[in-house]
Amino acid sequence: MSERIIRYSIWIYLAIFFSYLLGPLVIMSITAFNSPTFPRATPWECLTFEWFSALFQDQRILNGIKNSVVVGLGTVILSVSMGLAGALMLTQIWPKMRATYYTIIIAPILIPGVVIGISTLVFWDRVNRMLGLGADSFLSNGLFLTIIGQSTFIASYCLLVLVARLQRYDLALTEAALDLGASHAQAFRKILLPFMRPALASAAVLAFLASFENYNTTTFTFGEYPTLTIELAQKVRYGITPAISALAFIIVALTVFFALINESKIKRKEQVMEARKNATVGELSKGVKVPGFLSGNPAAIVLVLFCFASVAVVGTATAYSPDQCVARVKEQKQIEASERIQELRRKRDEENLKKFKGVFDPDDIAPNEESVPKQDNNSGFSGVFDPNALNGEDGTQDDSDASGGDDSGNSSGFGGVFDPNNLNSE
């Protein structure tokens, strides 16, 4: 029971690990076949291949790919050469100096790429001035500076690969060749190089890939020759399209293709060696019967299926047209947009109506007398300036005042001194 739990746990861990590792690549590959102008996998709209044609029509991307290939090839030649020289020196140097020498040649890996790029630019600019060359000289060329700057640290990666292979080399083979009359150049070319060929191939692939994806160092040295990573970074800064997803899909497809080829070749060699090992003398003289290329070779089977799928995709892309689907989706989007606009207008009208009713409420315009609060006269003048003070309570002139009646009706506070009737006789 515990072994089954451990086995299931390992499979779950591997599933999570590869999902985390390959999930973004799968999602980006899906966005290359979706019709929206911004890379997205959901919601799915229409199957389209237009982003691949847009990619091959983008001159900046194509120019960046060309510059990246040129820089990569130059970096491979220089880095593998320096790595092989450093590996041979490491195996032949004085043993007490090997640790110090190893630390020095590995140090560029630990230096940030930004520092390497700036130092490369400053150093070769100083050399260019010392030699009295102009600003358009070879030493100021962007391709030259980029190759030199990248090779500074990529050579250290190549050295590690070559040293691992060189530690398995038997120096007695070189000594035997020298004893038999071969020169050092002949021994190196006919004995050491064939032995180092697998490591040289691995170091070359590693150097090319490291150069192709480098950005930190290249951003200071490219000059007038921007590489693919520089172009992609500039495009991301100003807005991306699914054409970048199409480029990513092509790179992933090529990587899988070459990986399957390499794996199928390795499996084929193992089958040949196994057949020769189990063959009799008669079979060896007549020729060993080797199984077919697809027999017992899963990588070869997957490679064949991958090739058929690629041909099918290319054929579908040439015959398929997404115009009807794109037009239908566009019409649907317009309908949805108009519905959203109408909904927003309806909500706005409702809000305006509520505000209108709140401002022009009839109760606020003609309120009832009961609802009007009586103002208390607390000004300290006891209603002297009230217009009703000259009239009666009902707003009309008092009858007694008009007929010269009782003075008690005069409540103005002056005792009837200004009453005209006072000038007449009784």
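Before anything else, a convention on helix axes: they are lines fitted to C-alpha atoms over the stretch in contact, and angles run from 0 to 180 degrees between N-to-C directions. Helices here are DSSP runs of H or I with at least four residues, strands are E runs of at least two, and both are numbered from the N terminus.

Now the ground rules. This is a predicted model, where local features need pLDDT of at least 70, side-chain atom pairs count only at pLDDT 80 or more, and totals for chains, interfaces and linings use all residues. Residues are numbered from 1 along each chain as its sequence is written, and side-chain values use heavy atoms, with hydrogens and water left out.

The overview is quick. The chain has 16 helices and zero strands. Of its 426 residues, 26% count as buried, meaning under 20% relative accessible area; exposed is over 50%, and partly exposed is in between, with a 1.4 Å probe and protein chains only. Residues 24 or more positions apart account for 68% of them.

First pair: H1 and H11. Helix H1 covers residues 2-31, and helix H11 covers residues 242-278. Their axes come within 8 Å and cross at roughly 125°. That makes H1 oblique to H11. On the cut-offs, under 35 degrees is roughly parallel, over 145 roughly antiparallel, 65 to 115 roughly perpendicular, and the rest oblique. H1 passes H11 in a left-handed crossing: the near helix is turned anticlockwise from the far one by less than a right angle, while clockwise would be right-handed. On the H1 side, Leu25, Met28, Ser29 and Thr31 take part. They meet Pro242, Ser245, Ala248, Phe249 and Val252 in H11.

The axes of helix H5 (residues 113-130) and H6 come within 10 Å and cross at roughly 130°. So H5 and H6 are oblique to each other too. This crossing is right-handed. Ile116, Thr120, Leu121 and Trp124 in H5 meet a set in H6 that includes Phe144, Ile148 and Phe153.

On to the cores. A nonpolar core is a set of buried Ala, Val, Leu, Ile, Met, Phe, Trp, Tyr and Cys residues joined through side-chain atoms within 4.5 Å. The largest has 24 residues, and Leu162, Leu166 and Met196 have the most contacts inside it. Helices H3 (59-92), H4 (98-110), H6 (142-166) and H8 (184-212) each supply at least two of its residues. What does Met196 touch, leaving aside neighbours within four places in sequence? Leu84, Leu162, Arg165 and Leu166. A second, separate core has twelve residues, including Phe49, Phe212, Leu228 and Leu247.

Next, Thr218. It sits in helix H9, residues 218-221. Is Thr218 buried or exposed? Thr218 is buried, because its relative accessible area is 0%. Its side chain makes a 2.9 Å polar contact with that of Asn214. A polar contact is a pair of N or O atoms within 3.5 Å; within protein, one must be able to donate a hydrogen and the other to accept it, and residues adjacent in sequence count only if both atoms are side-chain atoms. Not counting residues up to four places away in sequence, Thr218 touches Thr146, Gln150, Thr227 and Ile230.

Ile230 leads us to helix H10, residues 228-238, where the buried residues are Leu228, Thr229, Ile230 and Glu231. They pack against H3, H8, H9 and H11.

Last, the backbone. Most residues other than glycine have a negative phi, and most peptide bonds are trans. Just after H10, Gly239 takes a positive phi of about 115°. A cis peptide bond joins Thr42 and Pro43, with omega about -5°. Pro43 lies in the loop between H1 and helix H2 (50-56).

Definitions and conventions
Contact = heavy atoms within 4.5 Å.
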